[in-house]
Amino acid sequence: MKKYFLMAILIISVILVSGCVTDKSSDEAPQTLTKKGIKIIIPNNWVEAKSYANDTIIAVVDPNYVDMDSNLDQVSVVIQKKAYKSSLDSIFRDTYRKMFLNSSYQLVNEGNTTVGEFSALECTYIVTEKELIKEHRAIWFKKGDYVYVVLCTAPESEFSMQEKYFNYISEHIQFL
């Protein structure tokens, strides 16, 4: 009986101690990046990156997710700014109508959301390139004569785990 009692105490101790372990990176202070009139707050372990996408204002990546074969970042947030005079809805619809003609692109969902004080359109889709399957969430909103796109990208298998970081970054966009 004493043996079972000690075993129960040991199991309870292990459970209590393991419940006290936290993700160290979540305890570290976030970083602030300011570029071209936009300020964003990113997780402490993320870094600024160079983006080759047109109209990029800021690109940030999680350096823990780099494809060793291509040396390309797999988890990223890219913010683009494009000058347009037409409606946000027509730009959004035209972009995805053309994109989804390519069978490598698969729509997951579309909807409405907000970025700070701005109403926004959101499109989540999957892109298959060779054996790599990536999930993308693009959030589009208009400010003045410009359309901003916040593109969050991760391998499909990692996307849901990265969403908290994507949401955090997109919720902390400020215009200066």
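I count two strands as paired if DSSP finds at least two bridges between them, and I take helices (H or I, at least four residues) and strands (E, at least two) as DSSP runs numbered from the N terminus. The model is predicted, so I note that local features need pLDDT of at least 70 and side-chain atom pairs count only at pLDDT 80 or more, while totals for chains, interfaces and linings use all residues. Residues are numbered from 1 along each chain as its sequence is written, and side-chain values use heavy atoms, with hydrogens and water left out.

I looked up the sheet of seven strands and found it open, with antiparallel pairing in the order S3-S4-S7-S11-S10-S9-S8. Strands S3 (47-48) and S8 (105-115) each have a single partner strand, so one side of each is left without a neighbour in the sheet.

Next I followed S4 (residues 56-61), where six of the six residues are buried (under 20% relative accessible area, with a 1.4 Å probe and protein chains only), so the strand is largely enclosed by the rest of the structure. S4 is joined to S3 by two bridges, with valine 60 as the bridge partner of glutamate 48. Five bridges join S4 to S7 (residues 76-83), and here threonine 56 stands opposite glutamine 80.

Further along, I found nine bridges between S9 (residues 118-129) and S10 (residues 132-143), with threonine 124 partnered by arginine 137.

Lastly, I looked up the open sheet of three strands, which has the order S1-S2-S12 and antiparallel pairing.

Definitions and conventions. Buried means under 20% relative accessible area, exposed over 50%, partly exposed in between (1.4 Å probe, protein chains only).
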